[in-house]
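Work through the exercises below with the sequence and the coordinates open.

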Amino acid sequence: MDALAGLLDGPRARGAFLLRMVMEPPWSVRIEDHAPLTLMCVSAGEAWIVPDSGDPVVLRPGDVAIARGPDCYTTADEPAREPMALIGPGGTCHTLQGEPLAESMHLGVRSWGNDPEGSATMLVGTYQMEGEVSGRLLDALPQLLHLPADVWDCPLLPVLDDEISRDDPGQSVVLDRILDLVLIAALRSWFSRPDAKAPAWYVAMGDPVVGRALRLLHDDPAHPWTVALLAAKCGVSRAGLARRFNELVGEPPMAYLTGWRLALAADLLRETDATVEAVARKVGYSGSFALSAAFKRVRGVSPREHRTGALLRERQQHLP
């Protein structure tokens with residue numbers, strides 16, 4: 001598993017919220033959906049993204065922005081424009097006084113705005129549920145990431161623009177996969193910049209020793225790894241690996257492995273019906289008791305409590 005593949009092991013869109021927003025000035029939309037990740041691409045005109053903390057950025061055709069939740073922000077034709085609409089969890093839309101706007105601003109399949117012939121068009125894709133493995137990705141991103149059109153070239157944007165308003169069978173799955181690919185293309189461009197502030201473990205993937213150790217842990221987390229075994233596989237001493245791993249990654253190898261195993265377990269608990277026992281053995285624990293003890297110690301809840309909470313949050317996000 002290479003560095004970028006490890007970083008992008010989640011999120012994977014599942015019924016993502018996608019729409020084409022078509023607007024004519026004056027306009028301003030407040031986003032308070034608390035979604036973990038939202039990707040915005042401008043295909044015509046321009047739009048400002050104004051985070052609650054940080055500098056506003058202007059998006060022009062071909063530009064992409066990625067907003068990291070749960071922080072809120074505003075999109076508008078001008079950075080100082082007062083919001084006229086508010087987007088809540090699950091894509092609900094209403095005025096700031098609570099009056100519904102979904103019907104009055106409906107422009108067709110996955111299209112929404114104040115004017116069907118508006119001069120500004122933005123494609124929006126929102127990951128509504130946070131996958132636990134993607135926590136490493138989310139932690140690596142700024143609150144608002146901006147890639148101008150001249151620093152990245154993504155042939156998938158016209159495909160997303162064409163597909164977003166289709167209503168063919170299986171269309172939601174098609175859009176989920178296109179959104180994933182656009183996100184990966186954007187993040188690959190972002191992290192390849194010379195001034196990219198990648199997380200320590202991502203940078204460490206490039207180290208000939210620690211990078212190999214990380215790939216071994218990522219590729220086979222269920223293996224009964226020890227520092228001595230990892231060191232032997234990497235061709236260095238146990239003390240040498242432990243010291244270098246801690247220097248580059250910021251934590252010891254076994255602590256990193258625990259975090260990786262629990263992240264994988266959290267995703268399996270949320271996304272599958274596998275028993276806690278089966279999940280435990282899949283990620284490298286001897287059984288449900290061992291996984292439950294580690295899960296409770298690190299995350300503060302049991303695996304079953306995590307699964308119940310994740311299902312409850314997902315139901316709440318899909319309520320009308």
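**Exercise 1. The sheet and its helices**

Task: describe the open sheet, giving the order of its strands and the pairing.

Solution. 
- Step 1. The model is predicted. Its open sheet consists of seven strands, in the order β10-β11-β1-β12-β3-β6-β13, with mixed pairing.
- Step 2. The edge strands are β10 (106-108) and β13 (144-147); each has a single partner strand, so one side of each has no neighbour in the sheet.
- Step 3. From one strand to the next, the twist averages 25°.
- Step 4. Inside the sheet, β1 (residues 17-23) and β12 (residues 120-127) run antiparallel and are joined by seven bridges. In one of these, Phe17 has Thr126 of β12 as its bridge partner.

**Exercise 2. Salt bridges**

Task: find how many salt bridges the model has, then examine the pairs Glu46 with Arg60, Arg81 with Asp77, and Arg177 with Asp180.

Solution. 
- Step 1. Side chains of opposite charge can pair when their charged atoms come close. The cut-off used here is 4 Å between a side-chain nitrogen of Lys or Arg and a carboxyl oxygen of Asp or Glu. The count is 14 salt bridges.
- Step 2. Glu46 and Arg60 form a salt bridge with an N to O distance of 3.6 Å. This pair links distant parts of the chain, 14 residues apart: Glu46 lies in the loop between β3 (37-44) and β4 (47-51), and Arg60 in the loop between β5 (57-59) and β6 (64-68).
- Step 3. Glu46 has a relative accessible area of 34% and is partly exposed. Arg60 is partly exposed too, at 44%.
- Step 4. In the salt bridge of Arg81 with Asp77, the closest N and O atoms are 2.8 Å apart. Arg81 is partly exposed at 25% relative accessibility, while Asp77 is buried at 11%.
- Step 5. For Arg177 and Asp180, the closest N and O atoms are 2.9 Å apart. The two residues are three apart in helix α4 (residues 171-191), so about one helical turn separates them. Arg177 is partly exposed, with a relative accessible area of 36%, and Asp180 is buried at 9%.

**Exercise 3. A helix pair**

Task: characterise the packing of helix α6 against helix α9 by angle, axis distance and residues in contact.

Solution. 
- Step 1. Two packed helices are described by the angle between their axes and the distance between the axes. For α6 (residues 210-219) and α9 (residues 253-271), the angle is about 30° and the axes are 10 Å apart.
- Step 2. The crossing of α6 and α9 is right-handed.
- Step 3. On the α6 side the contact involves Leu214, Leu217 and His218; on the α9 side, Pro253, Tyr256, Leu257 and Trp260.
- Step 4. By type, the residues of the contact of α6 with α9 comprise six nonpolar, one polar and no charged.
- Step 5. Next, take the burial of α6. Seven of its ten residues are buried, so the helix is mostly covered given the cut-off of under 20% relative accessible area. Among the buried residues are Leu214, Leu217 and His218, which also belong to the contact with α9.

How values were computed
Residues numbered from 1 in each chain as written. Predicted model: local features only at pLDDT ≥ 70, side-chain atom pairs only at ≥ 80, totals over all residues. Heavy atoms only, no water. Helix = DSSP H or I, 4+ residues; strand = E, 2+ residues; numbered from the N terminus. Buried < 20%, exposed > 50% of the residue type's maximum accessible area, 1.4 Å probe, protein only. Pairing = 2+ DSSP bridges. Axes fitted to C-alpha atoms, helices over the stretch in contact; angles between N-to-C directions. Left-handed = near helix turned anticlockwise from the far one by under 90°. Contact = heavy atoms within 4.5 Å. Nonpolar A, V, L, I, M, F, W, Y, C, P; charged D, E, K, R; others polar.
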